[in-house]
Amino acid sequence: MELFDNHKKLFGTATIMFIGLTILVAIMPAIRNQDMNQPLPSAEPLSPEAVKGKAIFVANGCVACHTQQVRNVDMDKMWGARPSLAADYADIHRTDFWRNTATLMGTERTGPDLTDIGSRQPSKDWNLVHLYNPRIVVKESIMPAYPWLFKLKKEPSKSDVVVNVPAEYMRGKEGKIVATEDALYLVAYLQSLKQVKLPDGTQAPAFLYKKEEKKIASAAGAEPDGKALYATGCQSCHQANGEGLPGAFPPLKRSPIVMGDNLEMYVDIIMNGYDARAEYGVMSAVGTNMEWTEHEVTAIINYERTSWGNNGKKVTPEEIKKIMEFVKLKAAQ
Amino acid sequence: MSALLMKAIPADGQTTTPSSFSFSSAAGLTWLLFVVLLVLFFAVLILKQKVNGIQERHKRKTDAEEQEQLQRYTRNLNSKQISKLINYRKRTRATALLLLLTTVLSLLPEGKLWAQSTNVPSSGSLLGETGIIITIILLLIPILFAVTFLIVKIINALNQAKNQQHLEEAEKLAAYLRSLPEEEINTHLKKRKAALDYRLSHHELSGNQPAEDEKGLLQINEQSGLPIVAIKKKALPRPNINPALSRLILWYLGCATFWLLFGTTIGEYVGIKFVAPDADHVSWLSFGRLRPVHTNAVFWGWASLGMLGLGYYVVPRVSNAELANIKYGWYGLWLINAAVMLGTVCLMAGINNGGGEYREYVWPVTLLFAIGVIFALINFLQTIARRTTKEIYISNWYIVAAIIFAIVITIVAYVPYWQNGLGETIIQGYYMHQGVGMWFMLFTLGIVYYFLPQQLNKPIYSYSLGILAFWTQILFYTLIGTHHFVFSSIPWWLQTVAIVGSAGMAIPVIAGTTNFIMTFKGAWYKIKDSYTLPFFLVGIIFYFTGSMQGTAEAFRSTNLLWHFTDFTVAHSHLTMYGIISFFLWAGIYAIIPRLTGKEAPQITIGAHFWLALIGLMFYTIPLMYGSTLKGLSWIEGKPFIDSVVLMAPYWLWRAIGGSLMWLSHLFFAYNMYKMMATRQVVDVREAAIQKLYDPTTPAQTIA
């Protein structure tokens, strides 16, 4: 055939076909999505620190293991309150002359998704310790350590941010570990990663492929698994053995708050965070951020009261519900 | 496996159990019973046959029949038996005869032994109850054991009876042999013995002359004895390659080998970091920076240079013309090497393009690579324009199209006008998949369309299947990029298009595989005396399985299970390594001996092949298995850290498999050295001939 024996026609046809399809499935949808989507009204642009932090995130290839997309499937519910939308990425532009846009959606989830990490784990203390060496706070973690984001100082000045590193991770070095600006920028970026609330009255897209059994279970009145909730929400600071991390995160084992009668304070801490003790890091409003209901809070309290040798009184969702309403009002004031 | 797993997660995703099949269900029980009954049925058949045999023998025979039977036995004596008989008759004519050594038979029929029926409970709603099912199975176990025992006992008894009968018959035969007349022995039996003792001298066909290779076609193995490796055919010299082109190709392939070693050393180290995350604390060597160093070095360094090197051989050859411009070839080589080198340093220093896979190099680095590829395109197009054949051989379709598409892809990926917000994601999906499918796969297929027929010494099975595969690959492959972002916030219709395109890929893949396999038809025997064909065969197998696995992974249901897990990593190794690298090795082992006249030791080629193949299996299978468990754990909503703990053993297996693959590359590098080393060992025969012609100068080496 003439077409096949003439190299200009043959390769010309193949090229036109390829470019045509490319325009249809890549370039046109890309331009349309770029121009059509706008950021959500309540979305805040990154702070200058967070912008620098994002550059460090990109430079160290964190996207190799951490996605930033909550898919619209039920199993991704643990990473955000709603599926990610095109609008969530609409405000991300070309980084600079040398570098392309970084939506950092990622394709591998060797580590947790970070779309909403700023709500899930906003603690600066935790993030710094974790960056210095993740295994200090999560024994099973395989994330790289980033000690080059920190300095060793004999006598840190007042403005220095000192990181409480246990002796075994100091590798025999004397002095204090101090966060560099880069480490603080990176933490600022991680803290800025929060799912933006949809404008009032807007329905978030549904999570698909819901689990049938779970619905049945909750309908039948079965309570959520306190141990799993603890592992997801509390364990990275207070540790699996409930002993916390000396100098960073307090123990729950034999804790007077866990074992005591002041349920109001206990629930308040879970829902709204805590910052009353200088020797420990600040706790964020974990419960509110995770949108826990009285069922989850009850399961966690009961788990904490019956683990690691603790033997506190069990609570019911009914009494916790009342306390939750009360502390919510108190936090709003 | 993928098909099985696909079934495991139904499309509506409402259940999380891998498969509904269970031994404790009614269907499972039915199957079990069916198998048991089948076994019993065969046992009964065997028994019946034995009983019939015995009954036959037990029937009273007439004297004439008996006589005939004895004569038949006598005629069928073997040589040893005949000589014993003759000796016996010579020495004594009266002593007892111990003649028959073979076992034979007799019997009492046991009556009809009908196997008992198993205790099948009447089916009903109770069968669905797990407890009942377990009880039935527990009951069946001793019953089955008893039945087996009984059958074995009966068979033994039958055998004893049979032997008894045979001994009786042997007694009669001995008496008959004693009474045989003398002339019968001398004539018939001696003649028979001579016939049985006849042996060939083993020189009937070859004669007594030593082997001689008059036409240069034979492979005369002078050293007999057991070879450690199979002796394969030597490569045929191709004297008509321009030495300048030959040098260029060798440099391309040599550089490719370097990047393979470098890139996989990095890959090996990155794999080890999954097991030992605190192996080092150097920023330049941290996981996130090294991972793209590994992928980009093996992509743009190893595979791209390897392909281009082979392309520089194939394109002029099938065009039947000289290469248009050798210089351009060298420019390309320099530029691509510079790109990979610079890119590696940038990535390790923390300078990258923003995190899209395979476009981590910043644009000035990629530009070098792109210009290098453009030099190849101009060169190949000019060569094809000067071709002396009318048609354009299909290899050139694939190779030139691959280069054109690679340039288009790179432009689309690096031009900033459509890359804000989700635009970046859509382009990323398109770019990374087209990079794999349009650059590596298309180019490599072009190489296979040349080398496979050449190595098999027969034409490609179907030219038109190749053409079909070419156009359908363009049509479907272009669409599939966004299947890496299924369930993300890119438009749902675009995800669906990608999934449909992925399914459509079955057409070019099946067409290509069929074409290659059918080319092998009637030439399978050649695999055993070729060291390149095994590489091609592995490549073809992975071309089919790896590509179809990609289709399976694209569906929404499988995305639930496997997306974001290490399954993707296993898949990309099955394809980039199993397909592309194996095909490249096949091509390299096929041409370098033709260019240099030197071959690598067969034992190290074998070591390369087997270590690479076994290593790949150890790498991918545990990773696929582990990541399936990981996906299930996510679907169940277990704490994330559980899935990290769960993967630990599989990551260890991956590191072991990776080490084997890495070791195979050391062998490959050694083989390259043996095939290319200019420090040539003086070839005694060559030197002697030269000495004959020019006795005054010492032997020269021919590079």
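**Domains of chain A**

I looked up the spacing of the two domains first: the C-alpha centres of domain 1 and domain 2 of chain A lie 25 Å apart. Domain 1 covers 48-192 and domain 2 covers 219-332; these bounds come from an automatic or database domain assignment. The model is predicted, so I note its limits: local features need pLDDT of at least 70, side-chain atom pairs count only at pLDDT 80 or more, and totals for chains, interfaces and linings use all residues. Residues are numbered from 1 along each chain as its sequence is written, and chains are lettered from A and ligands numbered from 1 in the order in which they are written.

**Chain A as a whole**

I listed 15 helices and 3 strands in chain A (DSSP runs numbered from the N terminus: helices are H or I, at least four residues, and strands are E, at least two). The C-alpha trace of chain A spans about 90 × 60 × 35 Å along its principal axes. Of its 333 residues, 41% count as buried (20 or more other C-beta atoms within 10 Å of the residue's own, C-beta atoms being placed from the backbone).

**Chain A against chain B**

Here I found 71 residues of chain A in contact with 71 residues of chain B. α2(A) supplies the largest share of the chain A side, 18 residues. That side has 42 nonpolar, 20 polar and 9 charged residues.

**Cores**

The largest nonpolar core has 235 residues (a core is a set of buried Ala, Val, Leu, Ile, Met, Phe, Trp, Tyr and Cys residues joined through C-beta atoms within 7 Å). Tyr132(A), Tyr398(B) and Ala402(B) touch the most other members. Helix α12 (residues 422-456) of chain B gives the largest share of this core, 20 residues. Both domains of chain A contribute, with at least three residues from each.

I followed up Tyr398(B). Not counting residues up to four places away in sequence, Tyr398(B) touches Leu442(B), Phe443(B), Leu445(B), Gly446(B), Tyr449(B) and Phe470(B).

Conventions
Contact = placed C-beta atoms within 7 Å. Nonpolar A, V, L, I, M, F, W, Y, C, P; charged D, E, K, R; others polar. Buried ≥ 20, exposed ≤ 12 C-beta atoms within 10 Å, placed from the backbone.
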